[in-house]
Amino acid sequence: MAGRINDDDVKAVRDAVPIDAVVSEYLQLRNAGGGNLKGLCPFHDEKSPSFQISPGKGLFHCFGCQEGGDTIAFVMKIDHLSFSETVERLAAKAGITLRYEEGGYNPSHQRGERIRLVEAHKAAAQFYVEQLDGVEAEIGRKFLAERGFDQAAAAHFGIGYSPAGWDHLTRYLRGKGFTDKELITSGLSQDGRRGPIDRFRGRLMWPISDTSGEIVGFGARKLRDDDNGPKYLNTPDTAIYKKSQVLYGIDLAKKDIAKASRAVVVEGYTDVMACHLAGITTAIATCGTAFGNDHIKILRRLLMDNGSARVIFTFDGDSAGQKAALRAFEDDQKFAAETYIAIAPDNMDPCDLRLAKGDEAVRDLVEPRTPLFEFALRQIVGRYDLETPAGRGAALDEAAPVVARIKNPSSQHEVAVQLAGMLGILDTQFVVKRVAQLARWARDRGERGPGGQTGRPARTPARGGSSHPAVQSGPALSGPALNLRSPAHRTERELLKLALQRPALVSPAFDAYGTDEFTAQPYAAVRRCIEEAGGAEQGVPEPRDYLAKVLDAAPDDTVRNLVTELAVEVFHGKTIDETYAGMQLVQVRLRAVDRRIHDVQGSLARLGSKVAPDQMAAAQNEVWVLQQYAQSLRNNGTAAL
């Protein structure tokens with residue numbers, strides 16, 4: 001077992017890999033102001049972006065689900081890796097050789113399982129590519145050529161060939177140092193009577209990558225009649241490959257999908273190739289499964305769900321294609337983007353269409369024409385005899401609930417009017433009211449829990465999109481909950497943001513503030529973390545190291561998440577300078593002084609005549625000194641601190 005990774009190497013990795021470069025591999029980022037970037041959170045479903053990253057600080061935070069941390073924490077969570085696996089992966093990207101506290105450099109067999117499986121797939125992909133040039137692979141090259149794909153196209157998509165023998169790849173990967181267990185676990189090999197044999201034999205091979213560009217699986221096309229297997233054979237589900245969570249071509253298409261706010265969903269590997277070669281570089285496909293909820297999540301993060309985003313599905317016009325389109329429509333409302341369907345003439349797929357009519361025909365195919373909801377409604381309505389009142393009524397009964405699922409009220413109304421036209425019902429308002437009634441019933445059934453409650457935890461919104469649970473958990477946050485309507489809490493929050501984001505503006509004064517000057521217990525916990533990290537002064541020369549130390553000092557995930565939130569949240573003020581910082585310093589100190597005056601005077605009032613004369617004199621003197629200090633703070637600002 002490998003030893004602990006050297007701390008200096010971890011720091012080097014953290015500093016060398018920009019967080020915005022890593023995060024942008026998974027979702028589209030836009031300017032959020034103040035040097036921050038924002039996007040749709042990859043860790044929970046949301047309609048508007050509450051996920052922010054601060055490239056200068058190397059931190060991310062979601063103001064919706066409260067997830068936060070640095071580059072390493074992001075990769076650990078999104079790819080379900082251990083700490084060491086994540087550091088190893090990022091180190092490989094940065095070209096950093098890691099040292100281990102026990103046993104020197106890390107041998108390959110000691111690396112994390114995921115990294116080993118990815119390395120095996122990378123080696124396999126290279127092996128398959130090399131085999132495509134061989135004599136045996138002539139049948140594969142012919143298959144590609146017949147579909148309009150030349151050698152350059154094959155190289156661009158990394159297409160290869162798996163030899164027809166039993167264990168060519170298995171023996172090759174063994175020679176690269178991979179164990180039989182790793183080969184079986186990866187799905188590249190399978191158990192045979194005399195040991196592991198190749199899973200893919202005598203087939204054309206398409207590498208399947210995740211959004212970060214790492215090869216995690218393969219799609220294999222049958223080439224020979226004596227092959228008794230399925231037409232397409234995919235990698236089985238493994239630790240790195242889940243067919244419901246991957247999209248073929250996403251590594252090539254993601255940047256253009258984000259840039260154009262458009263995605264084209266096709267049905268097969270060759271269709272993706274045809275689209276890309278025709279200039280439709282936003283095309284992707286599922287891998288042997290129906291387009292589902294996990295695929296939608298991937299696209300939504302890239303599309304950012306802005307008003308102009310579009311998703312175009314291409315399906316064959318046969319009954320199977322129509323069923324696939326209707327399945328896609330089941331999840332239509334999970335998109336904020338507009339969804340369309342494109343069906344080629346003569347039921348051709350994009351690959352056949354390109355062969356028959358050229359690239360321009362493919363480009364023309366995917367121009368949005370028929371909204372997916374309209375296609376789905378016409379499929380429903382087409383099953384009924386609209387010449388009779390009974391037929392129109394039955395069609396309305398089936399189609400109206402479909403329209404009622406549309407969440408946007410204005411869109412729902414517009415589609416209801418269109419449905420009336422499809423059905424030939426002259427009383428448009430009758431259809432509109434029927435749809436609205438069904439939508440209201442659905443909301444009442446689906447959103448209300450026992451006693452009419454929605455079942456959602458009450459949250460107090462903060463400026464800038466932040467929110468906190470009304471009840472904190474964990475020992476560090478005992479005490480009253482945050483009340484972000486409180487001027488005191490808002491000022492304390494701004495001061496902590498300054499101490500984390502712009503420490504030079506509040507140092508060294510901030511480091512003299514005690515935790516008791518922060519009335520909100522969560523903020524007091526963050527203040528303790530800053531103190532344990534050496535104070536805000538530590539952040540002036542080395543901001544990233546300072547923030548890492550503050551995070552390390554957090555007693556639990558709740559405090560740690562609050563630190564990342566405060567470290568990336570935008571400031572309330574328009575100009576963040578010494579004047580603004582001074583106002584926050586003075587207000588927090590002034591409120592602390594006023595509280596002390598109030599406490600002393602309250603104690604004297606409660607004790608009344610029972611107070612000894614010397615105690616009375618000391619208390620009155622303290623009140624007088626505090627009042628003078630408070631007046632000086634009001635008159636002189638930071639000069640009185």
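Colleague: What makes up the lining of the second largest pocket, by residue class?

Modeller: Bear in mind that this is a predicted model. The lining divides into 15 nonpolar, 7 polar and 13 charged residues.

Colleague: Which residues are closest to the centre of that pocket?

Modeller: Of the 35 lining residues, Ile 78, Asp 79, His 80, Gln 245 and Arg 301 are the closest to the centre. The space in the second largest pocket is about 820 Å³.

Colleague: And which helix gives the largest share of the lining?

Modeller: That is helix 12, with 5 residues. Helix 3 (71-79), helix 5 (113-131) and helix 12 (293-303) each supply at least two residues.

Colleague: Let's turn to another part of the model. Why are helix 25 and helix 26 called roughly antiparallel?

Modeller: The axes of helix 25 (residues 578-607) and helix 26 (residues 613-636) cross at roughly 155 degrees. Angles over 145 degrees count as roughly antiparallel, and therefore this pair is given that name.

Colleague: How do the axes lie in distance, and what is the handedness of the crossing?

Modeller: The two axes come within 10 Å, and the crossing of helix 25 and helix 26 is left-handed.

Colleague: What makes the contact between helix 25 and helix 26?

Modeller: On helix 25, the contact residues include Val 586, Leu 590, Val 593, Ile 597 and Leu 604. Helix 26 contributes, among them, Met 616, Ala 619, Val 623, Leu 626 and Leu 633. Charged residues take part as well, including Arg 589 of helix 25 and Glu 622 of helix 26. By class, the contact has 13 nonpolar, 2 polar and 5 charged residues.

Notes: Residues numbered from 1 in each chain as written. Predicted model: local features only at pLDDT ≥ 70, side-chain atom pairs only at ≥ 80, totals over all residues. Heavy atoms only, no water. 1 Å grid on protein atoms, 1.4 Å probe; cavity = no way out; pocket = protein on both sides within 12 Å on 5 of 7 lines; lining within 4 Å. Points joined across faces, edges and corners; volume = space filled by probe spheres on them. Helix = DSSP H or I, 4+ residues; strand = E, 2+ residues; numbered from the N terminus. Axes fitted to C-alpha atoms, helices over the stretch in contact; angles between N-to-C directions. Parallel < 35°, antiparallel > 145°, perpendicular 65-115°, else oblique. Left-handed = near helix turned anticlockwise from the far one by under 90°. Contact = heavy atoms within 4.5 Å.
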